[in-house]
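Hi,

Here is the structure I promised to pass on. Have a look at it first, and my notes follow below.

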Amino acid sequence: MRLSWNEIRARAAAFAKDWQDASYEKGETQSFYNDFFHVFGIQRRSVARYEQHVVKIDDRSGYIDLFWPGELIVEQKSAGRDLEKAYGQAGEYFDALPENERPRYILVSDFQTFELHDLSERSKTSFALRELPNHVEKFGFIAGVQRRIFRDQDPVNIEAAELVGRLHDALFECGYRGHDLEVFLVRMVFCLFADDTGIFERDAFLDFIEARTSQDGSDTGSKLAELFQVLNAPDGDRLSTRDEDLQRFPYVNGDLFDGLVRIPAFDAGMREKLLDACNFNWSNISPAIFGALFQSVMIPEERRAQGAHYTTEKNILKVIEPLFMDDLHGEFERLKVRRDHGRLAALRKFQAKLGILTFFDPACGCGNFLIIAYRELRKLEIEVLKEIYPRKNVDLAASELSVIDVDQF
């Protein structure tokens, strides 16, 4: 179990006191960093090594004072030495490493001063040894709590939401409203995703709308109603006389296409808005798009009256990561570096644990928190599976190997 931040700060204070007189690079570096990693409850030798040999770009040999592949380079100097020069030296080592081993962090120190460089955020934190207890969170990655970069909503997601919002507005204006409109739009969004993500044959839905519906839109609604029936029918239950362009669509299990809804009467403009959405590439859209869709399709007056809103993916991650994902990632990292005979069994036990966790959002609205939590847990599980099955193409077999189920959310 990861140490509490209070315990880490207490250890950091003791470390700062014990090493307040340290100054000599060659004689004290290794003992210094063995104790430094102990502050975070980690044995240094389990993750990092000293004097890692590298061949620099100019073909000269170099030795990294402390190297943690993919995480950290430390360049240590004696007290009073130039840390800017030390950072340049660490940068040469960074450039010489294979791309998959290049770390996110570079630490340069002269024992009494620390400079931690976060290469992902392009930031530098400088402080004296005595101030270490106030800066331990910056080293959370040592304890398995990785700082994440939270980005604003990708403009491509907003564009996708706006495309569906325009289709919604056109349908609403012609009098097509209420539950039928909501179900219809959810079905449309599924088809748009399916067309670009391998659920349907590539562009099958786009081709169907373009080639099998009239330009004036007069038969678009009826053609979509027929498509919904096909998507809800297993292969053995389909009529043999059904249009071959419809037969190419797979059966979609579940209740998404079950039941009849009133089908809207399209015109040329409405059909064109549907085609605009079909021509958009949905393959890289975040699942959080459903929150944006939820907000974009509501009438402004209703939104103000109901106080309806959704939380962006950036802000969701700021909540769920410290709430539970950081601890899960930390537990996985500690298992991943184990080299004992119980490692594989421990990884399997950890995966099983992921399959029994339950997540409750009592005010979920459109469900964005639950959607993103599900996605992040599945991403973690895939990393676990890669450790359990190093010779298997886990990306292709993830569905059959997964123990995580949407009913946990």
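When I say contact, I mean heavy atoms within 4.5 Å. Helices (H or I, at least four residues) and strands (E, at least two) are DSSP runs, numbered from the N terminus. Bear in mind that this is a predicted model, where local features need pLDDT of at least 70, side-chain atom pairs count only at pLDDT 80 or more, and totals for chains, interfaces and linings use all residues. Residues are numbered from 1 along each chain as its sequence is written, and side-chain values use heavy atoms, with hydrogens and water left out.

Let's start with helix H3 (residues 83–96). Leu83, Ala86, Ala90, Tyr93 and Phe94 are buried there (under 20% relative accessible area; exposed is over 50%, partly exposed in between, with a 1.4 Å probe and protein chains only). Because they cover an arc of only 105 degrees around the axis, they sit on the same side of H3 (the arc is that of the directions from the helix axis to the C-beta atoms). Their cover includes strands S1 (49–55), S2 (61–68), S3 (72–76), S4 (105–109) and S5 (113–118). On the face turned away from that buried side you'll find the exposed Glu84 and Lys85.

Further along, Phe205, Phe208, Ile209 and Arg212 of helix H6 meet Lys223, Leu224 and Leu227 of helix H7.

Finally, Ser120 is in the loop between S5 and strand S6 (123–128). Ser120 counts as partly exposed because its relative accessibility is 41%. Its C-alpha atom is separated by 20 Å from that of Glu376, 256 residues apart along the chain.

Cheers
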